[in-house]
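Please look through the sequence and the 3D structure shown here.

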Amino acid sequence: SLWQEASAFASNAHARQTRNDGTPYVSHCFRVAMTVDIIFGFDNSEVLAAALLHDTIEDCDVDYDEILEEFGRNVANYVAAMTKDMRLEEEERETKYDMQLADGPWQGRLIKLADVFDNLTDTLPKKRKKFMEKVDRILFLTENDEQLQDAREQLRGLMHEMTSC
């Protein structure tokens with residue numbers, strides 16, 4: 001199935017990458033896809049494939065055309081919506097990224113909610129305050145997405161839980 005092909009593709013693309021805690025980077029991609037499915041309740045195969053692939057263009061030697069050819073236009077567009085232009089200075093990059101997410105398909109914002117959800121669970125307590133700015137940004141970008149209100153509430157609940165610790 002599509003998500004199985006995407007999981008193999010993501011595993012290969014992120015093969016030599018690790019997270020800050022030393023775990024294989026691809027574990028983050030799997031957790032994002034599981035968050036989309038299990039926590040947020042979206043089981044669409046294209047969305048799950050894009051969740052698995054969400055960092056491949058930005059962090060690996062993969063481009064949009066490769067995702068398009070392997071997984072189709074919808075998946076490629078969802079992944080592209082999640083891809084920052086790392087050639088830009090940080091402030092400009094983040095501003096353009098927010099505009100790109102806002103203008104892109106809601107499925108990209110859904111995956112971003114799951115990405116932020118996973119990163120928040122993985123953030124050390126001393127870095128949480130700074131990370132909360134990213135959480136606030138995606139919550140702002142998704143406030144008018146009716147189909148994402150439950151996912152937003154899940155993220156808000158996690159925020160509350162993390163800040164009350």
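**Aromatic pairs and the fold around them**

Three aromatic pairs are counted, under the rule that rings of Phe, Tyr and Trp (its six-membered ring) pair if their centres lie within 6.5 Å, with planes under 30 degrees apart counted as stacked, over 60 as edge-to-face and the rest as tilted. One of them is formed by Phe9 and Phe71: the ring centres are 5.4 Å apart and the planes stand at 90°, so this pair is edge-to-face. Phe9 belongs to helix α1 (residues 2-13) and Phe71 to helix α5 (residues 64-71), so the pair links distant parts of the chain, 62 residues apart. Helices here are DSSP runs (H or I, at least four residues) and strands are runs of E of at least two residues, numbered from the N terminus. Phe9 and Phe71 are both buried, where buried means under 20% relative accessible area, exposed means over 50%, and partly exposed is in between (1.4 Å probe, protein chains only).

Another pair is Phe40 with Phe117, whose ring centres are 5.9 Å apart and whose planes are at 80°, so this pair too is edge-to-face. Phe40 sits in the loop between α2 (26-39) and α3 (45-53), while Phe117 is in helix α8, so the pair ties together parts 77 residues apart in sequence. Phe40 and Phe117 are both buried.

The model is predicted: local features need pLDDT of at least 70, side-chain atom pairs count only at pLDDT 80 or more, and totals for chains, interfaces and linings use all residues. Residues are numbered from 1 along each chain as its sequence is written, and side-chain values use heavy atoms, with hydrogens and water left out.

The protein as a whole has ten helices and zero strands. Read from the N terminus, its elements run α-α-α-α-α-α-α-α-α-α. Its radius of gyration is 15 Å, close to the 15 Å that the globule rule gives for 165 residues, so the protein is as compact as a globular protein of that length. That radius is taken over C-alpha atoms, and the rule is 2.2 Å times the number of residues to the power 0.38. The C-alpha trace spans about 45 × 35 × 35 Å along its principal axes.

Of the 165 residues, 45% count as buried. The protein exposes about 9,100 Å², of which carbon and sulfur atoms supply 47%; accessible areas come from the Shrake-Rupley method with a 1.4 Å probe, and for residues only the protein chains shown count as cover. A contact means heavy atoms within 4.5 Å. Among contacts between residues at least 6 apart in sequence, 61% join residues at least 24 apart.

Next come single residues. Arg109 is placed in helix α8 (residues 106-121). Is Arg109 buried or exposed? Arg109 is buried, with a relative accessible area of 7%. Its side chain reaches the backbone oxygen of Leu101 at 2.7 Å, and a polar atom of that side chain lies 2.8 Å from the backbone oxygen of Gly104. Such a polar contact is a pair of N or O atoms within 3.5 Å; within protein, one must be able to donate a hydrogen and the other to accept it, and residues adjacent in sequence count only if both atoms are side-chain atoms. Not counting residues up to four places away in sequence, Arg109 touches residues including Ile138, Leu141, Thr142, Asp145 and Leu148.

Tyr78, in helix α6 (residues 73-81), is buried with a relative accessible area of 7%. Which residues does Tyr78 contact, leaving aside its neighbours within four places in sequence? They are Glu46, Val47, Ala50, Pro105, Gln107, Gly108 and Ile111. The C-alpha atoms of Tyr78 and His54, 24 residues apart along the chain, are separated by 7.8 Å.

Arg93 is in helix α7 (residues 90-103) and is buried, with a relative accessible area of 14%. Beyond four places in sequence, Arg93 touches Lys84, Asp85, Met86 and Leu88. Lys84 in turn lies over the face of Tyr97, 5.1 Å from the ring centre; a charge sits over a ring if NZ of Lys or CZ of Arg is within 6 Å of the ring centre and within 35 degrees of the ring normal.

Helix α5 has a described residue at either end. Asp63 caps its N-terminal end, with a side-chain oxygen 3.3 Å from the backbone nitrogen of Asp65. Gly72 follows α5 and has a positive phi, near 95°.
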